[in-house]
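User: I have a model open and I am new to this. Can you show me how to read it, step by step?

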Amino acid sequence: MGLSGLCVIHCVASSVLLVALASVGGALMHPAVHEIGLVLAIVLAAVALGRGIMLHGYMLPASVGGLGLGVMAGAMTLGHGPAEVVYTILGVALVALGHDLNRRAFT
């Protein structure tokens, strides 16, 4: 959930920074930054959510988290703009929900 929160902060901060400092915005909006971030999110979510399936056996948390990762990946196909930000934040929220469901399944 922490990584999902950091992703939201990155997306919002990138948008604000791009408006405030257009010269810095180009480096932060480079596609490699988002691609590396998505790969890290997929790897970490697969480990955490997959571990949850192995320990408690519930598929719902991993399904919700996987949907969120898919939405995040789909957002990368959109051009930079409001739609990309909305879909990325929606995807991050779904991943965070999946992690929360995973955590609650243990209690």
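Analyst: Gly-81 counts as partly exposed, because its relative accessibility is 26%. Gly-81 sits in the loop between helix 4 and helix 5. Keep in mind that this is a predicted model.

User: Which residue has its C-alpha atom 8.8 Å from that of Gly-81?

Analyst: Ser-15 does. Gly-81 and Ser-15 are 66 residues apart along the chain.

User: What share of the contacts in the chain with a separation of 6 or more comes from residues 24 or more positions apart?

Analyst: The share is 66%.

User: What is the overall layout?

Analyst: The chain has five helices and zero strands. Along the sequence the pattern reads α-α-α-α-α. As for burial, 29% of the 107 residues count as buried.

User: Which elements have the lowest and the highest mean pLDDT?

Analyst: Helix 2, residues 22-28, has the lowest, at 58. Helix 4 has the highest, at 92.

User: Now the helices. How do I describe a packed pair?

Analyst: Helix 4 covers residues 60-75 and helix 5 covers residues 82-105. Their axes come within 7 Å and cross at roughly 165°. That angle makes helix 4 roughly antiparallel to helix 5, because the cut-off is over 145 degrees. The crossing of helix 4 and helix 5 is left-handed.

User: Which residues make that contact?

Analyst: From helix 4, they include Leu-60, Pro-61, Val-64, Leu-67 and Val-71. From helix 5, they include Glu-84, Tyr-87, Leu-90, Gly-91 and Leu-94. By class, the contact of helix 4 with helix 5 has 15 nonpolar, six polar and one charged residues.

User: Can we zoom in on one of them?

Analyst: Take Val-71, in helix 4. Val-71 counts as buried, because its relative accessibility is 18% and the cut-off is under 20%.

User: Which residues does Val-71 contact, leaving aside neighbours within four places in sequence?

Analyst: Val-71 is in contact with Tyr-87, Leu-90, Gly-91 and Leu-94. Its C-alpha atom is also 6.9 Å from that of Thr-88. Val-71 and Thr-88 are 17 residues apart along the chain.

User: What about helix 3 and helix 4? At what angle do they pack?

Analyst: At about 170°, with their axes 9 Å apart. Helix 3 and helix 4 are therefore roughly antiparallel to each other. On the helix 3 side, the residues that meet helix 4 include Leu-38, Ala-41, Ile-42 and Ile-53. Their partners in helix 4 include Ala-62, Gly-65, Leu-69 and Ala-73. The contact of helix 3 with helix 4 divides into eleven nonpolar, two polar and no charged residues.

User: Is Ala-41 buried or exposed?

Analyst: Ala-41 counts as buried, because its relative accessibility is 13%. This residue lies in helix 3. The C-alpha atoms of Ala-41 and Cys-7 are separated by 9.0 Å. Along the chain, Ala-41 and Cys-7 are 34 residues apart.

User: One pair to go. At what angle do the axes of helix 3 and helix 5 cross?

Analyst: They cross at roughly 30° and come within 10 Å. Helix 3 covers residues 31-56. That angle makes helix 3 roughly parallel to helix 5, because it falls under 35 degrees. Helix 3 passes helix 5 in a left-handed crossing.

User: Which residues make the contact of helix 3 with helix 5?

Analyst: Ala-45, Ala-48, Leu-49, Gly-52 and His-56 come from helix 3. Gly-98, His-99, Asn-102 and Ala-105 come from helix 5. By class, the contact of helix 3 with helix 5 has four nonpolar, five polar and no charged residues.

Methods. Residues numbered from 1 in each chain as written. Predicted model: local features only at pLDDT ≥ 70, side-chain atom pairs only at ≥ 80, totals over all residues. Heavy atoms only, no water. Axes fitted to C-alpha atoms, helices over the stretch in contact; angles between N-to-C directions. Helix = DSSP H or I, 4+ residues; strand = E, 2+ residues; numbered from the N terminus. Parallel < 35°, antiparallel > 145°, perpendicular 65-115°, else oblique. Left-handed = near helix turned anticlockwise from the far one by under 90°. Contact = heavy atoms within 4.5 Å. Nonpolar A, V, L, I, M, F, W, Y, C, P; charged D, E, K, R; others polar. pLDDT = per-residue confidence, 0-100. Buried < 20%, exposed > 50% of the residue type's maximum accessible area, 1.4 Å probe, protein only.
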